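Hi everyone, thanks for coming. Please have a look at the sequence and the model on the screen, and I'll walk you through what I found.

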Amino acid sequence: MPRRASKKPDASQNARRIVDEFIEKTERVIDPAVSAAAAALSKLGASKGGEARAKSLTAKRRAEIAKKAAKARWSKP
């Protein structure tokens with residue numbers, strides 16, 4: 001008669017459990033006021049960066065980027 005497989009989690013399952021527990025603990029530690037300030041600062045920098053990039057691109061380069069994006073978008077199954 002064949003033996004039953006072990007019910008113990010293997011090494012990869014154990015590693016995943018440890019990582020998930022660590023993430024849960026670190027999410028609880030983050031101060032909401034600090035993360036709100038960081039988000040506001042990030043948003044400010046991101047908006048400036050996008051505007052600066054748009055101003056620096058030529059019409060030809062914008063067209064190349066758009067064509068590449070369209071090709072990538074429509075090539076997916």
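Let me begin with a term: helices here are DSSP runs of H or I with at least four residues, strands are runs of E with at least two, and both are numbered from the N terminus. A word on the source, too: what you see is a predicted model, where local features need a pLDDT of at least 70 and side-chain atom pairs count only at pLDDT 80 or more, while totals for chains, interfaces and linings use all residues. Residues are numbered from 1 along each chain as its sequence is written, and side-chain values use heavy atoms, with hydrogens and water left out.

So, the overall picture. The chain has 3 helices and 0 strands, and along the sequence that reads α-α-α.

How confident is the predictor? pLDDT is its confidence in each residue, from 0 to 100. The chain averages 82, and 87% of the residues score at least 70.

Next, the surface. Accessible areas come from the Shrake-Rupley method with a 1.4 Å probe, and for residues only the protein chains shown count as cover. For the chain, the accessible surface is about 7,700 Å², with 62% of that belonging to carbon and sulfur atoms. I call a residue buried under 20% relative accessible area, exposed over 50%, and partly exposed in between, again with a 1.4 Å probe and protein chains only. What share of the 77 residues counts as buried? The value is 0%.

Now to the salt bridges, meaning a side-chain nitrogen of Lys or Arg within 4 Å of a carboxyl oxygen of Asp or Glu. A search of the whole structure finds 3 of them.

In helix 1, which covers residues 11-29, Asp-20 pairs with Arg-16 at 3.3 Å, N to O. These two residues are 4 apart in helix 1, so about one helical turn separates them. Arg-16 is exposed, because its relative accessible area is 56%, whereas Asp-20, at 31%, is partly exposed.

Glu-21 and Arg-17 also form a salt bridge, at 3.0 Å, N to O. Here too the residues are 4 apart in helix 1, about one helical turn. Glu-21 is partly exposed at 36% relative accessibility, and Arg-17 is partly exposed at 42%.

Over in helix 3, residues 59-75, Glu-64 and Arg-61 sit 3 residues apart, about one turn of the helix. Their side chains meet in a salt bridge at 3.3 Å, N to O. Glu-64 counts as partly exposed, with 38% relative accessible area, and Arg-61 does as well, at 40%.

Ser-75 lies in helix 3 and is exposed, because its relative accessibility is 55%.

Last stop, back on helix 1. Val-19 has 44% relative accessibility, so it counts as partly exposed.

Conventions. pLDDT = per-residue confidence, 0-100.
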